[in-house]
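Work through these exercises with the model open beside you. Try each task before reading its solution.

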Amino acid sequence: MTPSRDDMTQVFDASNFDTYCETLADREAVFRRILDQHGRPPLWQREPNFTTLVRIILEQQVSLASANATFTKLTQCVSKFTPDELLQLSTEDMRACAVSRQKTRYLHALSDAVLSNQLNIPALAQLSDDVVRQQLTQVKGIGQWTANVFLMLALNRTDCFPSGDVALNNSLRHEFELSTEQFMETSQSLIARWAPLRTIAAYLLWHAYIQRKNITFAG
């Protein structure tokens with residue numbers, strides 16, 4: 001069953017993910033080809049918590065391998081992965097963990113927002129997609145890409161697409177055989193027609209990219 005376009009908190013899980021993949025494949029021949037060639041994507045999911053937001057911030061504009069390595073180093077520098085602990089790390093401590101000065105500011109801003117209750121992460125699950133984006137983007141360092149990825153991976157919302165994602169754009173151009181000019185002209189209309197399952201479309205495109213590039217994504 002396809003979720004309603006008006007249901008802003010529709011979620012996917014193991015009970016409906018395969019059905020949603022099939023629904024998109026029935027609509028779009030490219031998605032059928034991806035499924036036939038690579039199988040269904042993993043059901044990438046992360047816990048809706050502080051640690052996940054930190055990971056997504058670390059993944060901004062860098063390779064997944066680099067972000068994972070940085071996250072691993074960071075976990076080894078704290079006894080507990082909490083806002084209090086991260087705030088105890090200086091810029092020099094963060095640099096030793098391969099966290100840039102800019103992302104150090106972002107992680108400290110996130111930690112402050114959580115501790116001051118400006119951002120209540122557990123409560124986000126009860127809010128609509130738009131309100132979640134609004135609350136997350138009030139925190140320095142969290143933009144639309146980060147908010148959408150959190151909605152997708154942590155809150156399992158069905159209709160998000162992180163525009164500007166390098167891997168998604170690469171996969172979209174490759175799978176639909178679009179020139180740069182065609183991509184600029186048609187990508188937004190393509191993405192729009194996959195509503196209200198744009199997250200599932202993104203998972204299929206990520207899956208195709210990961211398989212083609214032979215890389216690992218820690219979902």
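## Exercise 1: an aromatic cluster

Phe-12 counts as buried, since its relative accessibility is 1%; buried means under 20% relative accessible area, exposed over 50% and partly exposed in between, with a 1.4 Å probe and protein chains only. This is a predicted model, in which local features need pLDDT of at least 70 and side-chain atom pairs count only at pLDDT 80 or more, while totals for chains, interfaces and linings use all residues. Residues are numbered from 1 along each chain as its sequence is written, and side-chain values use heavy atoms, with hydrogens and water left out.

Task: classify the ring pair of Phe-12 and Tyr-203.

Solution. Start with the criterion. Rings of Phe, Tyr and Trp (its six-membered ring) pair if their centres lie within 6.5 Å; planes under 30 degrees apart are stacked, over 60 edge-to-face, and the rest tilted. Here the centres are 5.5 Å apart and the planes stand at 80 degrees, so the pair is edge-to-face. Phe-12 lies in the segment before α1 (17-27), and Tyr-203 in helix α12 (residues 198-213), 191 residues apart. Helices are DSSP runs (H or I, at least four residues), as are strands (E, at least two), numbered from the N terminus. Tyr-203 is buried, at 0% relative accessible area. Finally, widen the view. Ring pairs join Phe-12, Phe-17, Trp-44, Tyr-203 and Trp-206 into a cluster. The structure holds 12 aromatic pairs.

## Exercise 2: a buried loop residue

Task: which residues does Asn-156 contact, leaving aside neighbours within four places in sequence?

Solution. Locate Asn-156 in the loop between α9 and α10. Then list the contacts (heavy atoms within 4.5 Å). They are Gln-10, Val-11, Phe-12, Trp-44, Gln-45 and Leu-151.

## Exercise 3: two packed helices

Task: describe how α10 packs with α11.

Solution. Two packed helices are described by the angle between their axes and the distance between the axes. Axes are lines fitted to C-alpha atoms, for helices over the stretch in contact; angles run from 0 to 180 degrees between N-to-C directions. Helix α10 (residues 166-175) meets helix α11 (residues 180-192) at about 100 degrees, with the axes 11 Å apart. The two helices are therefore roughly perpendicular. The classes are: under 35 degrees roughly parallel, over 145 roughly antiparallel, 65 to 115 roughly perpendicular, the rest oblique.

Now the residues. Asn-169, Leu-172 and Arg-173 of α10 meet Phe-183, Ser-187, Leu-190 and Ile-191 of α11. Look closely at one pair: the charged end of Arg-173 sits over the ring of Phe-183, 5.2 Å from its centre. The test for a charge over a ring is NZ of Lys or CZ of Arg within 6 Å of the ring centre and within 35 degrees of the ring normal.

## Exercise 4: a covered helix

Task: is α3 mostly covered or mostly uncovered?

Solution. Eight of the nine residues of α3 (residues 50-58) are buried, and the helix is mostly covered. Its cover includes α4 (64-75), α5 (83-87), α7 (101-115), α8 (129-136) and α9 (144-153). Arg-55 is one of the buried residues. Arg-55 also lies over the face of Phe-71, 5.4 Å from the ring centre.

## Exercise 5: backbone exceptions

Task: where is the cis peptide bond between Ala-195 and Pro-196, and what is its omega?

Solution. Most residues other than glycine have a negative phi, and most peptide bonds are trans. The cis bond joins Ala-195 to Pro-196, with omega about 5 degrees. Pro-196 is in the loop between α11 and α12. Gln-61 has a positive phi of about 60 degrees and is exposed, at 83%.
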